[in-house]
Amino acid sequence: MKIKFIIAFFSLALINLIFSCSESKDNELNKKQESIKKLPFEKRFKREIESKLQIPVNEKYTYKIYKDFLNLDDVKDAVITVNRLDFALNEASKSENTAQIAEAGYTGNYNFFFYYDGKTDQISNPIAVASSPQVPLEVKLENIQSEFFKDITITYHIRNSAFKNYYLMMNGNIQLMFQWKLFDAIGTTNPEANYLEYETGSYNEFKDIVIYKGKIKNYSPLVKDIYNYNPVIEKDGVKLYRFFFDKRTLKYSTND
């Protein structure tokens, strides 16, 4: 009986020790998170994005903050973009296909954005936008579904082309609702361009997105630096498509 009692006693003691250690770690993590929340906003979000992206202390990266009202509450929110060009170049240098990776514009998951909800004081997990890291993400906050708050649109580059994504906030989650090419084939004799315009929604409060054929005003086929070239696109007069927001799929659709 004594042996059974001793075994039971030490088993109970071990269980208590494990729970005590686990509780101690949870308390320590909670204290750390609370202390981070007390930091000034910029220091705090830098800590969070470095942790979520596992950015080492010696890596150089850039970020940009865009603040506005992104929902119906009366607290400003933010979009934070992160560009990891140095990391992309370093990764490519370790590959056996460095030249091919460079030719493809180092395209990969090196551009990210985060959503910050001002009311809940929470920063989302990173959302990767596969693109050429030589060009950071360009955020434009636009009135797509309401005049009372903005929606997130992001332009990104893949080599000599650029695309625009439209994001929808739904139940605290961010999802892609529309995507279109802005231009392509920069540096060639026959570049392509599209011009996007908004009109009153055909079926609901979301504005229609109308696509026109575009023309680049400031173009020369001698463009060498395709990543720093900013084309000025004007409407060429030819309407190509009209997209309307479909609430069943939560995406833009077209009858054209």
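The side chains of K150 and D68 meet in a salt bridge, with 3.3 Å from N to O; a salt bridge is a side-chain nitrogen of Lys or Arg within 4 Å of a carboxyl oxygen of Asp or Glu. This pair links distant parts of the chain, since K150 lies in the loop between β6 and β7 and D68 in strand β1, 82 residues apart. The model is predicted, so local features need pLDDT of at least 70 and side-chain atom pairs count only at pLDDT 80 or more, while totals for chains, interfaces and linings use all residues. Residues are numbered from 1 along each chain as its sequence is written, and side-chain values use heavy atoms, with hydrogens and water left out.

**Salt bridges**

- A search of the whole structure finds 15 salt bridges.
- D68, the acidic partner of K150, counts as buried at 19% relative accessibility (buried means under 20% relative accessible area, exposed over 50%, and partly exposed in between, with a 1.4 Å probe and protein chains only).
- E91 pairs with K94, their closest N and O atoms being 4.0 Å apart; E91 is partly exposed at 34%, whereas K94 is exposed at 61%.
- In the salt bridge between D184 and K181, the closest N and O atoms are 3.0 Å apart, and K181 is partly exposed at 24% relative accessibility.
- A network of salt bridges links R44, E48, K52 and D121.

- N71 is placed in the loop between β1 (62–68) and β2 (77–83); strands are DSSP runs of E with at least two residues, and helices are runs of H or I with at least four, numbered from the N terminus.
- N71 is buried, with a relative accessible area of 19%.
- The side chain of N71 makes a polar contact with the side chain of D77 at 3.5 Å, and a polar atom of the N71 side chain lies 3.2 Å from the backbone nitrogen of D73.
- A polar contact is a pair of N or O atoms within 3.5 Å; within protein, one must be able to donate a hydrogen and the other to accept it, and residues adjacent in sequence count only if both atoms are side-chain atoms.
- Not counting residues up to four places away in sequence, N71 touches D77, Y115, D117 and F149 (contact means heavy atoms within 4.5 Å).
- N71 and K150 are 79 residues apart in sequence, yet their C-alpha atoms are 7.2 Å apart in space.

**D246**

- D246 is found in strand β12 (residues 233–246) and is buried, at 9% relative accessible area.
- A polar atom of the D246 side chain lies 2.9 Å from the backbone nitrogen of R248.
- D246 also touches K251 and S253, with residues up to four places away in sequence not counted.

**Positive phi values**

- Most residues other than glycine have a negative phi.
- R159, in the loop between β7 and β8 (161–170), has a positive phi near 50 degrees and is partly exposed at 29%.
- A185, in the loop between β9 and β10, has a positive phi near 60 degrees and is buried at 15%.

**Lining of the largest pocket**

- The lining residues of the largest pocket divide into 13 nonpolar, seven polar and four charged; Ala, Val, Leu, Ile, Met, Phe, Trp, Tyr, Cys and Pro count as nonpolar, Asp, Glu, Lys and Arg as charged, and the others, Gly among them, as polar.
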